[in-house]
Amino acid sequence: MIGMIGMMGVVLASAASAVGDVLTSEAMYQSAMRFAIVLGFAAVGEWIAERAGTLNISIEAMMIGGAYSSAVAWGAFDNVPIALAIGVVAGVVVSLVQAHLSHQLSIDQFVVGLTLNLFVLGLALFLDSRWEAVTSVVKPTKVPLLHDIPLVGEALFGQPWPMYLIVPIVPLAWWLVFRTRWGLEIRSVGDNPQSADVSGIHVNRRRREAIMVAGACAGLGGGVLVLGQISIAGYEAGHVGLKGIIAIAAVIFGGWTLRGTLIGCVLFGYFFALQQTLPVLGYRINAQLAASLPYIVALLVTAVFATRTRQPRALAQPFVRGLT
Amino acid sequence: MSSNGTGSPKMMRGAKLVALYVLAIAIALALSALLIAVTGGPWRKVFTALIDGSVRKPGRWGDTLAESAPLLIVALGAIISTRAGLVNIGQEGQLAVGAATATYVATQSSGPFVLVLALLGGVVGGAVWAGIAALLKYWRKVPEVISTLLLVFIASQGTGYLLTRTFLLLDDDPNKPNRVQTSAQLDADTRIGFIRIFGNAFPWSVVLAVVLAVVVSVLLSRSTWGFRLTVLGRNPRTAQRIGVPVVLAGASALMLSGAFAGLAGATMLAAGTANYRYTPGFANNVGWEGLLVALVARNRPLACIPVALVFGALRTGSGFLAATGVERSIVDVVRSLLVLALLVPPAIVAIQRRRVSPPPAPVSTDEPVVAVAR
């Protein structure tokens with residue numbers, strides 16, 4: 001599995017002609033890491049929701065909500081922790097709508113997700129025309145000594161501090177899903193809701209809770225996106241730009257394992273970074289191709305990996321007692 | 001459906017459903033008004049402008065009809081794939097590819113049937129774009145939800161690329177009006193004709209869309225093909241047992257829904273959206289909104305007609321918002337709030353019905369099917 005991924009990475013990298021320059025570019029590592037981390041927040045949340053059986057496409061809406069709210073809160077309070085907290089709240093609010101419509105009223109989860117994506121995008125666009133969210137960027141925190149490591153030092157130890165929130169979140173998610181009663185129930189609800197129901201687990205409540213966790217993670221990811229990215233000041237419509245969907249692709253790529261999901265985030269982060277970095281390195285690359293590269297790669301990668309892995313058996317299947 | 005024969009519980013449910021719908025719409029509109037008011041806009045004027053722009057001012061309802069036609073065509077395609085149990089949410093991309101293909105056909109070919117060829121080009125373009133998702137689904141088990149969505153983004157970038165090369169779509173006329181990258185303009189004889197009534201004008205594609213709605217409605221409810229799709233959507237295993245070719249039926253349904261989106265794009269092009277040219281951002285959310293039309297109409301083709309009219313009215317109405325000083329994007333909010341609100345009443349009624357009458361015993365999918373097969 002790891003070998004496969006490694007090979008895949010090598011093949012994809014050699015597709016770009018500028019491998020040497022890219023691999024020795026410090027900016028490339030830094031940019032790829034940043035994209036990977038932002039994707040990572042959403043992907044970890046999505047991973048939990050999918051383990052509980054929801055293919056949660058409104059992760060995109062949750063990210064947009066988090067990004068816009070964080071940007072506005074930054075402008076209002078000029079305080080990063082508060083801004084991030086408000087981003088989390090916005091993500092959770094979106095997830096509440098998704099969770100209750102799809103897992104209480106039993107409306108099709110894709111229908112709800114799609115509508116929410118369009119709704120939140122439109123709402124952010126409209127509100128942005130009234131209350132324009134102007135932010136500046138959090139200064140990078142440089143870990144002494146370590147950030148002087150050549151090539152990867154800046155990428156790993158010289159990021160704005162909100163980026164480092166991914167460090168506690170990943171083990172926390174793992175512990176939650178694999179070492180708690182709640183996590184066991186989440187996984188059982190995603191694999192066999194009928195059995196879970198018979199053994200006294202409230203299937204739809206667990207699924208709703210998993211979606212809310214996803215909302216919190218994605219909202220935080222959106223906040224980190226606007227506050228942590230260099231060279232982007234303020235929230236812009238289309239800023240999130242289907243990164244939520246890429247996060248879903250990362251979960252598929254990772255075969256519904258946490259480790260694989262994170263590797264997927266790094267892979268897609270690399271291709272997002274390529275689009276930004278190649279022109280800086282002096283390579284001319286077709287703009288449209290560069291912009292769609294992460295999406296094409298996501299499509300190819302899911303095509304390769306979707307069949308080989310075991311997805312939660314009840315993924316995307318609604319649970320209504322007595323009907324299924 | 002109802003086990004206890006009498007009509008009154010059913011009528012009660014119907015009345016309750018209507019009441020809930022009215023309540024839901026009222027809440028959605030009230031929330032929209034509140035949002036406008038909170039952001040300091042005149043909400044009364046906004047609603048007046050929407051009505052003025054869509055029907056009240058002279059010549060506007062013709063425009064509304066013209067805007068509604070592609071929405072309706074997209075929605076019909078969405079219904080076909082949903083009927084087969086597939087979630088195609090990539091109409092926006094399929095529409096763009098269809099329109100780009102139609103532009104290529106229309107600008108490169110000549111003869112008496114260019115318009116027909118262009119529309120066919122749209123159909124093929126949309127079908128091929130959806131076909132990629134179908135291929136990935138049945139060959140590699142990629143969820144079509146994800147692939148169609150990713151293909152939307154790839155389509156917008158890809159058709160954008162076509163507009164950067166003169167041998168593809170870019171207009172090579174040196175006297176172009178401006179420097180925006182657009183395709184060449186369609187010739188006058190490759191455009192869709194307009195019907196003029198009472199000072200309103202709308203293209204023939206409106207009639208085409210309504211005819212398609214009737215055809216799709218009849219085929220889905222009365223033909224073997226429609227029955228097979230329905231079975232496939234309800235229970236793929238049963239479908240396989242009664243001899244439905246699952247892959248073929250599913251893939252063709254997905255491609256057909258893409259073909260409808262592509263056709264919608266081609267009619268938009270030939271009916272003068274964006275001045276008979278293919279431009280960047282040509283699809284302009286018609287794909288998404290057409291999909292929402294199908295959702296609100298709860299996948300009934302004929303119910304799509306009035307819903308498409310309402311959504312078309314929101315599109316034309318938004319053109320009159322500039323005078324009120326409120327951003328056009330408020331219309332996106334109003335529309336998706338309406339959609340969210342309209343999803344809820346049927347769900348509530350369904351849940352209450354389940355509570356009142358116990359659900360049917362779980363039906364084993366094996367035995368009755370064997371009986372049918374014999």
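Analyst: Keep in mind that this is a predicted model.

User: What is the bridge partner of B:Phe194 in β2(B)?
Analyst: That's B:Pro203.

User: And how many residues sit between β1(B) and β2(B)?
Analyst: Two, and the strands form a hairpin. In the turn, B:Phe198 has a positive phi of about 45 degrees.

User: OK, zooming out. Which domains is chain B divided into?
Analyst: Domain 1 covers 7-41 + 328-359, and domain 2 covers 62-325. Their C-alpha centres lie 28 Å apart.

User: How many residues of each are in contact?
Analyst: Nine residues of domain 1 of chain B are in contact with 10 residues of domain 2. On the domain 1 side, that's six nonpolar, one polar and two charged.

User: What about chain B against chain A, how many residues are in contact there?
Analyst: 38 residues of chain B contact 37 residues of chain A. In chain B, α5 (114-140), α6 (144-162), α11 (286-296) and α13 (330-356) each supply at least two residues of the side touching chain A.

User: Which one gives the most?
Analyst: α13(B), with 12 residues. The side of chain B that touches chain A divides into 27 nonpolar, seven polar and four charged residues.

User: Switching to chain A. Why is helix α12 described as largely enclosed?
Analyst: 11 of the 11 residues of α12(A), residues 243-253, are buried, so the rest of the structure largely encloses this helix. Among the buried ones are A:Lys243, A:Gly244 and A:Phe253.

User: Which residue with a positive phi follows α12(A)?
Analyst: A:Gly255, with a phi near 60 degrees.

User: You mentioned α4(A). At what angle does that helix pack with α5(A)?
Analyst: About 150 degrees, with the axes of α4(A) and α5(A) (residues 80-103) 7 Å apart. The crossing is right-handed.

User: Which residues meet there?
Analyst: From α4(A), they include A:Gly65, A:Gly66 and A:Trp74, and from α5(A), they include A:Ile86, A:Gly87 and A:Val94. The contact of α4(A) with α5(A) has 13 nonpolar, seven polar and no charged residues.

Conventions
Residues numbered from 1 in each chain as written. Chains lettered and ligands numbered in written order. Predicted model: local features only at pLDDT ≥ 70, side-chain atom pairs only at ≥ 80, totals over all residues. Contact = placed C-beta atoms within 7 Å. Helix = DSSP H or I, 4+ residues; strand = E, 2+ residues; numbered from the N terminus. Nonpolar A, V, L, I, M, F, W, Y, C, P; charged D, E, K, R; others polar. Pairing = 2+ DSSP bridges. Domains from an automatic or database assignment. Buried ≥ 20, exposed ≤ 12 C-beta atoms within 10 Å, placed from the backbone. Axes fitted to C-alpha atoms, helices over the stretch in contact; angles between N-to-C directions. Left-handed = near helix turned anticlockwise from the far one by under 90°.
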